[in-house]
Amino acid sequence: MRAVQVVELDGPSAVRINDVEPPVRGSGEVLIDVAAAGVNFPDVLLTRGQYQYRPDPPFTLGSECAGTVREAEPGSRFAPGDRVVAFTMSGVFAEALSVPEHTVLPLPDGVGFAEGACLPMNYLTAHFTLETRGALKSGETVLVQGAAGGVGTAVVQLAAALGATVIGVASTEAKAEVAKRAGAAHTVGVDGFKDAVAEITGGAGVDMVVDPVGGDRFTDSLRCLAPLGRLMVVGFTAGDIPTVKVNRLLLNNIDVRGVGWGAYALSRDGFVRAEWDALVPHLRSGALDPLISERFRLDDAATALSRIDDRVVTGKVVLEV
């Protein structure tokens, strides 16, 4: 079968479409025919060996997909023909894969495969950020950095669905429009966002900041928080890992909270399925509807990765198999 593989740790241009042996279902696994796969920033890092998970080349890229069950273990909760999504560390950018059953989730009717492929990583992370780590309450105000990106749009949509007022930070007018489409009540530019947030909130500040970007905007994000506010550290797409002077936390009674979904969720039996079940009503209602900016064929995976690497993507990029 065909698979997108990293053959050298030299960036997106070094990936190749190779013929590889098709997967064989292992014990406790589900064999899936892949229809679509989500492309994420960590996939770009993997092409350079810059992610915390560092497999040796050649290896198949991709961590989330949607498709159809081809084969499952007797007694499994899945059966051939079931529509599902799945996630794993790598191996998804291929025509088929076999993964442990606990990483497979049922895809609701009415949600397309391309949309489904966008859900596992970003929307489960969004739920973990807002609910588990952030304890978001209806009526609170949330500031979302990188609000037009894959994680950003997922957080904006879910926060709005949970009854929050969302302010999205975007670097261009086009990205601001994407954040509004996702459900942001207000958008502000990167430059001067602190003052813009103060004006929108009447000087009160926001209850939560969700930051998948990091970099030099971190301190001003802290300054946007109301007393008892919390800043959620989701990632560092800007490249720089910021530091915080803890006296600022003391003086303003604010929190900085790490958001590490994978290690926490996967080590707790049933946690991921409970998260997914909490998202399903919002998927069925249409409140959660991934914004797909570009779709590519499997053969064009290098271009898809380059688009993310160039920071020109809004919403989500999908490979259709």
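Student: Over how many bridges do strand β1 (residues 2-6) and β4 pair?

Tutor: This is a predicted model, where local features need pLDDT of at least 70, side-chain atom pairs count only at pLDDT 80 or more, and totals for chains, interfaces and linings use all residues. Residues are numbered from 1 along each chain as its sequence is written, and side-chain values use heavy atoms, leaving out hydrogens and water. Strands (E, at least two residues) and helices (H or I, at least four) are DSSP runs numbered from the N terminus, and two strands pair if DSSP finds at least two bridges between them. Here β1 and β4 run antiparallel, and the number of bridges is two.

Student: What angle does the direction of α3 make with that of β12?

Tutor: β12 belongs to an open parallel sheet ordered β11-β10-β9-β12-β13-β14. Its neighbouring strands are turned by 20 degrees against each other on average, direction ignored. α3 packs on this sheet, touching β12, β13 and β14 (contact: heavy atoms within 4.5 Å). Using axes fitted to C-alpha atoms, for helices over the stretch in contact, and N-to-C directions (0 to 180 degrees), the angle is about 145 degrees.
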